[in-house]
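Dear colleague,

I am passing on a structure that you have not worked with before. Please look through the sequence and the model below before you read my notes.

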Amino acid sequence: MASIKRKTYTQALPPNAVVRGDSVKWTARDGTKRSGKLLERDGAQYVRFQSDTWYAKYRDAEGIVRIVPTGCRDKDIAKAKLNEFVRETERIVSGVVSQSEITSARQLAVDINEQVKAYLEHLKHQPGQGKRSRVSEKHIIDVTRSLKLIVRECGFETLRELNQPACVGRVQVWVTGQLDSKTRDWSNKTINSYVAALRAFCNWAVELKGLPANPLDNFPMLDISSQKNPRRAITPEETARLLKVAKLRPVAEYGREVVKLDEKNGKRTAWKRAELKYSDIEAAHARGLVKLAKSPNKIKELRATGEERALMYLVLLTTGLRQNELATLKVNDVEFGVRSSLKLQIENEKAGKGSEIPLRADVALQLKAHIEKRVLQPSDSVLRVPDKLIRVMDRDLVAASIEKINAKGKRVVVHSTRNTFATMLCNAGVAPRVAQEAMRHSDIALTMRVYADSDQMDIASAVESLPSWTPGYAPEVSLTPGYAPNSDTQRQELAHCGTTLEATPSGEETKKPLENSDFPRVSDVGVIGFEPTTLWSQTRCASQAALHPECVLF
């Protein structure tokens with residue numbers, strides 16, 4: 001027969017208990033006041049007490065006796081809850097509903113915050129991306145923030161509300177609000193990440209919590225190809241200036257000139273420090289040394305900071321590492337030798353696969369000298385990467401006279417170092433497949449279309465390198481390194497166009513030198529560039545031109 005009762009518990013006498021006769025009162029760990037009956041057994045004292053809430057005892061549809069919590073402190077309400085359990089059992093026995101439908105209905109009525117908490121706990125035990133055994137802690141933090149915010153601002157209280165037609169409308173209104181928001185300058189990609197977190201939660205609810213279907217399966221995501229401020233690569237000249245400024249600016253900050261705002265006013269509000277400019281960076285550095293002449297240790301510390309920051313930029317630019325990946329590098333992850341390299345651990349790489357990244361010889365020498373100078377141990381971080389590196393970089397960009405956002409709306413951020421790395425590979429004539437591996441991309445289109453900056457590609461020289469069908473026309477010989485005449489086919493092309501081999505400079509001579517010799521060049525790897533050979537490529541056309549001088553291009 002169905003009934004309700006309170007559970008009885010027996011535990012050792014609490015140390016803070018107050019005993020009066022056989023009555024015991026004490027304060028539980030959660031701060032609640034409790035009371036019970038004193039018991040003595042084998043010379044030890046115990047206290048017996050009942051639960052605060054009632055439990056329902058009934059026989060389910062399978063004939064099994066169940067004792068389930070009602071969560072009710074009031075006896076009458078607990079009886080009403082028991083009657084609900086009994087009615088559900090009768091409906092299942094009569095075939096009106098199934099047990100799974102009853103379970104699903106119960107889950108849909110649970111507070112959504114409890115469901116979110118259960119989902120996040122479930123996520124912690126899932127395998128991570130690539131070879132990671134667990135999801136990264138950073139991903140858990142991001143999902144927690146995103147999911148709680150969108151659930152709260154969309155006004156969802158239970159899973160049942162996600163199962164209603166209005167669910168998609170609520171999310172769409174929220175997305176539109178973020179696009180029109182004046183306080184949140186979020187990109188389309190950021191807004192999509194919040195919607196994606198809610199959609200993943202719904203998938204979990206469908207699988208484990210009885211949600212019939214995911215309402216956001218076909219939700220239209222925002223286009224990220226037209227983001228507000230796309231990234232751009234920095235040019236070799238800008239890179240040389242950035243490396244120089246990063247090295248000098250810590251000391252140069254102390255040599256900034258004073259600008260008077262009010263000549264008659266002698267207060268602090270009447271003057272300010274002038275912004276550093278690239279044309280004045282060396283003079284400001286010299287003034288800073290003079291000002292800090294009495295603090296040699298301070299000068300030594302600032303110089304070390306500048307050298308480390310310049311080395312940080314250099315490693316990012318010549319390896320394509322991400323900021324977080326660079327921050328996790330330890331000394332024992334760097335291998336020096338004939339071919340020096342960096343080893344990214346599985347848990348530290350974005351793809352979760354682990355990689356071995358080659359180091360340029362000159363960069364490896366600087367990195368080795370840095371480790372020896374700071375006397376770093378194998379478990380120490382190679383470079384001290386600031387959490388807010390973007391703020392430091394923004395000041396370096398101003399001092400280097402580099403536009404943060406150019407005329408086309410493209411901006412320079414820390415991740416632009418990867419764009420610069422991909423663009424340098426492109427301009428060096430590296431084959432697309434090799435560039436993809438260097439960038440550690442799963443899709444070659446991501447390397448070629450998103451990261452390689454087309455604004456810095458010498459398209460004009462590439463066009464001039466095509467064969468000519470105009471009699472007596474001699475093309476310009478100052479071609480880009482990727483189009484140097486170092487193959488038989490290109491020699492035939494030049495001969496057909498009326499240009500002799502002796503008049504054609506070598507690949508080394510045609511390379512455009514950098515303004516700052518400290519910045520490393522990317523060596524040539526091939527002659528085709530980023531465009532793979534096709535039936536109408538330079539090689540095929542040049543061969544046909546040599547065989548058929550009279551051919552006409554239609």
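This is a predicted model: local features need pLDDT of at least 70, side-chain atom pairs count only at pLDDT 80 or more; totals for chains, interfaces and linings use all residues.

Residues are numbered from 1 along each chain as its sequence is written, and side-chain values use heavy atoms, with hydrogens and water left out.

Helix H7 (residues 188-208) has 21 residues and reaches 30 Å from its first C-alpha to its last, close to the 30 Å expected at 1.5 Å a residue, where the expected span is 1.5 Å times one less than the number of residues. Helices here are DSSP runs (H or I, at least four residues), numbered from the N terminus. Among the buried residues of H7 are Tyr194, Ala197, Phe201 and Trp204, buried meaning under 20% relative accessible area with a 1.4 Å probe and protein chains only. The cover over the buried residues of H7 includes helix H4 and helix H6 (166-179). Just after H7, glycine 210 takes a positive phi of about 85°.

Serine 146 lies in H4 (residues 137-154) and counts as buried, at 6% relative accessibility. Leaving aside neighbours within four places in sequence, serine 146 is in contact (heavy atoms within 4.5 Å) with Tyr194 and Ala197.

Isoleucine 459, by contrast, is found in helix H17 (residues 459-464) and is exposed (over 50%), with a relative accessible area of 51%.

With kind regards

Terms used. Helices (H or I, at least four residues) and strands (E, at least two) are DSSP runs, numbered from the N terminus.
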